[in-house]
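Open the model in your viewer and keep the selection tool ready. This tour goes stop by stop.

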Amino acid sequence: MNTGIVYSDKYLEHDLGPDHPEKPERLKSIIESLKREEKLLEKIDIFEPSPASIEDIKLAHTPAYIEKIKKLSKSGRRVDLDTPINKKTFDLALLSAGGTLQLGEKTLKGKFGNGFALVRPPGHHATRDSGGGFCYFNNIAITARKLLKEDEIDRVLIFDFDAHHGNGTQDIFYQDNNLLYISFHQSGRTLYPGTGSPKETGEKDGEGYTVNVPFPPGSSDENYVAALKKFLIPLSEQFEPDFILSSVGLDGHRKDPLTNLRLSSKGYEWLGKTSIDQASKLCDGKIVFVLEGGYAIDASTKSVLKIMNALVNPSSPDLPKGEKKPVFEKVKENLSPYWDL
Ligand SMILES: [Zn+2]
């Protein structure tokens, strides 16, 4: 079965000004490079999205917040200091969420074996009732909620490896036990949005279903590999998801201008391959990656293509030994009431 890619040239119309890092060129570079990869293209189907309905957006956001984004979009004011908004924003945010959830559903129904949502604007900082960090609607959270409504799906795993903590996704599922949220990110002490400490593990029914692995500045591929072995692999096997969604942020790359991590495109290949391998073992290969951040354009493009190659040709990753960080002990301690690690 082919890999599904959702993409539209309309996603390039989302323009926050020449000085804003979340530029159309990020996605343009990825799609143009993909279109030069003839071998990959043989095993890929690219489809055009349609906008999400307001009902779908309500799966993750309050009606008042949706109305607020609609109004701000008309008036052209800001959502927060880093997140401008303009007349096209509301419709493009609907198209971004729509594309992601249509790819999720098509993959669930067996039209594709797996997929990658090449969408803008990104979503993982959008909480139930606030936007920010270049995000308006939470594409991956809306998709997860939609999938969880389907009969075939009892549990969804979201693995978020954007360099920034996905505070929005965490917020939306904080009280849920049918969604396991695992985030690898640069420590909130040193990076926006400041959340994502190991102590944040969920509440009420969701206790234990939020897993935060914060990395200190300078963390490398080897450190991420150790966290894959210590957290992602055992937790996914204990949770047994029916579907895996993954927030892909390439902004942990050492060339990224906004963060202080030291990942390479090889590290992204390991992150991608391990996630795909877990999906093969646990849920019939059903995994959809969703584009979030990544501001060093060439490095992001190269890393995305490595993940796409892994989607098209799944194989078990040959992970190196890895190198643990002291913070892993703190993560393990906070999770010990809930998981066997
Ligand atoms: Zn980010």
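Helices here are DSSP runs of H or I with at least four residues, and strands are runs of E with at least two. The model is predicted.

Stop 1: Select residues 20–310. An unreviewed UniProt entry places the feature "domain: Histone deacetylase" there. Over this range the chain is 41% helix and 13% strand. The end C-alpha atoms lie 31 Å apart.

**Stop 2: serine 246.** Go to strand 7, residues 243–248, and pick serine 246. Is serine 246 buried or exposed? Its relative accessible area is 0%, so serine 246 is buried. Now show its contacts. Leaving out residues up to four places away in sequence, serine 246 touches Ile140, Phe159, Phe161, Val288, Phe289 and Val290.

**Stop 3: aromatic pairs.** The whole structure holds 15 aromatic pairs. Select tyrosine 65 and phenylalanine 137. Their ring centres are 6.2 Å apart and their planes meet at 85°, so this pair is edge-to-face. Tyrosine 65 sits in helix 4, while phenylalanine 137 is in the loop between strand 3 and helix 6, 72 residues apart. Both residues are buried.

Next, select phenylalanine 161 and tyrosine 268. Here the ring centres are 6.0 Å apart and the planes are at 45°, so the pair is tilted. Phenylalanine 161 lies in the loop between strand 4 and helix 7, and tyrosine 268 in helix 9, so the pair ties together parts 107 residues apart in sequence.

Ring pairs link Phe159, Phe161, Phe184, Phe215, Tyr224, Phe231, Tyr268 and Phe328 into a cluster.

**Stop 4: a charge over a ring.** Finish at lysine 106. Its charged end sits over the ring of phenylalanine 47, 4.9 Å from the ring centre.

Terms used:
Residues numbered from 1 in each chain as written. Predicted model: local features only at pLDDT ≥ 70, side-chain atom pairs only at ≥ 80, totals over all residues. Heavy atoms only, no water. UniProt positions renumbered as here; feature names shortened; annotations may be inferred. Buried < 20%, exposed > 50% of the residue type's maximum accessible area, 1.4 Å probe, protein only. Contact = heavy atoms within 4.5 Å. Phe/Tyr/Trp six-rings, centres within 6.5 Å; stacked < 30°, edge-to-face > 60°. Lys NZ or Arg CZ within 6 Å of the ring centre and 35° of its normal.
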